[in-house]
Amino acid sequence: MPRFNYTDSLNLLSKFTVRRAWNAAKVFGSYHISRWRNKPVQWGYPVSISFEPTTSCNLRCPECPSGLRSFSRPTGMLKKDFFRQTIDDIHKELLYLIFYFQGEPYLNPDFLDMVRYAADKKIYTATSTNAHYLNDINAKKTVESGLDRLIISIDGTTQEVYQQYRRGGRLDKVLEGATKIVKWKKALRSKTPFIIFQFLVVKPNEHQVEEVKQLAKEIGVDDVWFKTAQVYDYENDPNNLIPTIDKYSRYRKNSTGEYAVKNKLNNHCWKLWHANVITWDGMVVPCCFDKDAMHRLGNLKMQSFKEIWHNDNYKQFRRELMESRKNIDICANCSEGTKVWND
């Protein structure tokens, strides 16, 4: 899990209201009652939601649907008015808002306006970026928007290594963007955003784990997180990405010498009780592993979020998960229980 940071944790706690705390208690309680009864019970509304600003991306990462341009679902940009309408419906219970699913958030021209709208509702806001669009203007606007957490993907400490996964990317742009965010935080005397270097550990970069920690310290980044990589065809690993360091891998070789997912896939999942994902065009899906939105539990263009959260589709999905999670396709490559955030 991420290391405790006093300033960031205090900031998150400051977002709690009586209503949000009561909602979180109901969600937590219903999840554990569901596990005890082995039957889904759902009280309250999500504590956390991921909202997709766009499916577009400037890079060509080999295990990413955005990078591969392989979506079967429609692609596009989240509209500001639709976003505001949804937030108005759920902000009193919502504590944490992630502006990310697929794509590069900064490609949406209204992205930082939407961050400001959520921040004004006292919601903790976070996003993940490849940092290629963090020019001086965007860096200043990011700090001014009230964004609470900024995750910057940096998967190598040299261009040669970085580009092996972040295809089409430039490491110097990433470092320049991070430096500008640090500069504007200081200039505006802002405690936010909490800046994180996220290092996706794959075989080509696993030897640079210690180097990225030093690089973060030199720039003034607040923390470094190490993330295990999802490999779709992990049995064959065609891009040679599975690391040799076991703790940084979601997979291990079984008795036959083939790779298998470490996660035992127990018939419960905290995410289905406390969080979900909304695509740019209003599809509500269970979690971030449903990248192509195959399990559409509702459509915000037809129903309100609160109606969808308790509808028959959601009830059926939670029931199927508790009966046989291994038979749900998006769960097969799930990393719950196998993430490594930092050392």
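Which residues line the largest cavity? The points below take this up, starting with the cavity itself.

1. This is a predicted model. Its largest cavity is lined by Cys269, Lys271, Leu272, Cys287, Phe289, Arg325, Ile330, Cys331 and Cys334. The volume is about 70 Å³. Seven of the lining residues are nonpolar, two are charged and none is polar.

2. Tyr45, Pro46, Ile49, Ile90, Glu93, Leu94, Phe305 and Lys306 form its lining. By class, that lining has six nonpolar and two charged residues, with no polar ones. With a threshold of 30 Å³ or more, the cavity count is two.

3. On secondary structure, the protein has twelve helices and eleven strands.

4. Overall dimensions come next. The C-alpha trace spans about 55 × 50 × 40 Å along its principal axes. The radius of gyration is 20 Å, and a compact globule of 343 residues would have a value near 20 Å, so the two agree.

5. Burial is worth noting too. Of the 343 residues, 56% are buried, where buried means under 20% relative accessible area. The exposed surface comes to about 15,700 Å². Carbon and sulfur atoms supply 51% of that surface.

6. Finally, contacts along the chain. Taking contacts with a separation of 6 or more, 69% are between residues 24 or more positions apart.

Notes. Residues are numbered from 1 along each chain as its sequence is written. This is a predicted model: local features need pLDDT of at least 70, side-chain atom pairs count only at pLDDT 80 or more; totals for chains, interfaces and linings use all residues. Side-chain values use heavy atoms; hydrogens and water are left out. On a 1 Å grid over the protein atoms alone, a cavity is a set of points where a 1.4 Å probe fits but cannot get out, and a pocket is an open set with protein on both sides within 12 Å along at least five of seven lines; lining residues have an atom within 4 Å of a point. Grid points are joined across faces, edges and corners, and a volume is the space filled by probe spheres set on the points. Ala, Val, Leu, Ile, Met, Phe, Trp, Tyr, Cys and Pro count as nonpolar, Asp, Glu, Lys and Arg as charged, and the others, Gly among them, as polar. Helices (H or I, at least four residues) and strands (E, at least two) are DSSP runs, numbered from the N terminus. The radius of gyration is taken over C-alpha atoms; the globule rule is 2.2 Å times the number of residues to the power 0.38. Buried means under 20% relative accessible area, exposed over 50%, partly exposed in between (1.4 Å probe, protein chains only). Contact means heavy atoms within 4.5 Å. Accessible areas come from the Shrake-Rupley method with a 1.4 Å probe; for residues, only the protein chains shown count as cover.
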